[in-house]
Amino acid sequence: MRRLDVLVEACVESVAEAELAGRLGADRIELCVNLAEDGLTPPPELVNAVLAAVKVPVRVLVRPQAGGFAYGEEDFKVLRTSVRAMLRLGVAGIVTGALTPAGDVDAVRLAPLVVGARPMPMTFHRAFDRAKYPGPALEAVVALGFDGVLTSGGVATAFEGRHELRDLVTQAAGRLQVIAAGKVEAGTVRQLVEETDVTAIHLRVARLEGVLRALGR
């Protein structure tokens, strides 16, 4: 089977899952808690424990609360504090994002957050799939300086959104990495990658072994 060379990022919630992801061959880990609520910021103790347990790069989700992606000023204060804390801990990157109540990328309030995190790489999380207009949203994410965006193409699964993902890859034109996310599965991952030209995929660790095998790894 021909190997498909894409970055494979595993989303984990614990040290045990992080260790499993490392053993199976994930290229990168995203650490969060409360995936049932679309993920929240993990506590520093968990971040430290995962960093000590694995050798692969770890990006950490920074999201202050569940229930949406439009935040008030107090939430942004928490975001800024959390980003500074992750910088001190030495993580490989941050996964975050925010929208306005109207469904646009909240560029005005995200800009100082991104500047304050430099030179740490940052991924815009799946709030992107709630954006009202994906094309302008992608341009805003690029302009802010994010190096990646997690997206299913705005639908339930990355495979269902593969045509939209292909359009986003074309629009991005290498300015950032479009990371296919949303129930990426072994049975469809090769078609997903081949039809979209994505160079990275994101999935839960439970699906990791099968997906890696399907990619020829």
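## Exercises on a predicted model

At 6% relative accessibility, Asp106 counts as buried.

**Exercise 1.** Work out where Asp106 is found and which residues it is in contact with, leaving aside its neighbours within four places in sequence.

*Solution.* 
- Step 1: Check the label. Buried means under 20% relative accessible area, and Asp106 has 6%.
- Step 2: Find the spot. Asp106 sits in the loop between β4 and α4.
- Step 3: List the contacts. With neighbours within four places in sequence set aside, Asp106 touches Phe76, Ala98, Leu99 and Thr100.
- Step 4: Ala137 is 31 residues away from Asp106 along the chain, and the C-alpha atoms of the two are separated by 9.5 Å.

**Exercise 2.** Name the buried residues of α3 and the elements they pack against.

*Solution.* 
- Step 1: Pick out the buried residues of α3: Asp75, Phe76, Leu79, Ser82, Val83, Ala85 and Met86.
- Step 2: Recall some helix geometry. An α-helix has 3.6 residues a turn, so residues three or four places apart point the same way.

**Exercise 3.** Describe the largest nonpolar core, then look at the contacts of Val178.

*Solution.* 
- Step 1: The largest nonpolar core has 69 residues, and the ones touching the most other members are Phe124, Val178, Ile201, Leu208 and Leu215.
- Step 2: Which helix gives the most to this core? That's α5 (residues 134-144), with five residues.
- Step 3: There's also a second, separate core of nine residues, including Cys11, Cys32, Leu61 and Ile179.
- Step 4: Back to Val178. Leaving aside neighbours within four places in sequence, its contacts include Val149, Leu165, Ala172 and Val198.

**Exercise 4.** Describe the largest pocket: its space, its lining and the residues nearest its centre.

*Solution.* 
- Step 1: The largest pocket holds about 570 Å³ of space.
- Step 2: Its lining is made of 25 residues, and Leu35, Asp38, Arg126, Gly182 and Arg204 lie nearest the centre.
- Step 3: Sort the lining by class: 11 residues are nonpolar, five are polar and nine are charged.
- Step 4: Strand β8 (residues 200-204) supplies the largest share of the lining, three residues.

**Exercise 5.** Track down the backbone features of Pro119, Ala173 and Lys183.

*Solution.* 
- Step 1: Arg118 and Pro119 are joined by a cis peptide bond, with omega about 5°. Pro119 is in the loop between α4 and β5 (122-124).
- Step 2: Ala173 isn't a glycine, yet its phi is positive, about 50°. You'll find Ala173 in the loop between α6 (162-172) and β7 (177-181).
- Step 3: Lys183 isn't a glycine either, and its phi is positive too, about 55°. Lys183 lies in the loop between β7 and α7 (189-196).
- Step 4: Buried or exposed? Exposed means over 50%. Ala173, at 58% relative accessibility, counts as exposed, and Lys183 is exposed with a relative accessible area of 53%.

How values were computed
Residues are numbered from 1 along each chain as its sequence is written. This is a predicted model: local features need pLDDT of at least 70, side-chain atom pairs count only at pLDDT 80 or more; totals for chains, interfaces and linings use all residues. Side-chain values use heavy atoms; hydrogens and water are left out. A nonpolar core is a set of buried Ala, Val, Leu, Ile, Met, Phe, Trp, Tyr and Cys residues joined through side-chain atoms within 4.5 Å. Buried means under 20% relative accessible area, exposed over 50%, partly exposed in between (1.4 Å probe, protein chains only). Helices (H or I, at least four residues) and strands (E, at least two) are DSSP runs, numbered from the N terminus. Contact means heavy atoms within 4.5 Å. On a 1 Å grid over the protein atoms alone, a cavity is a set of points where a 1.4 Å probe fits but cannot get out, and a pocket is an open set with protein on both sides within 12 Å along at least five of seven lines; lining residues have an atom within 4 Å of a point. Grid points are joined across faces, edges and corners, and a volume is the space filled by probe spheres set on the points. Ala, Val, Leu, Ile, Met, Phe, Trp, Tyr, Cys and Pro count as nonpolar, Asp, Glu, Lys and Arg as charged, and the others, Gly among them, as polar.
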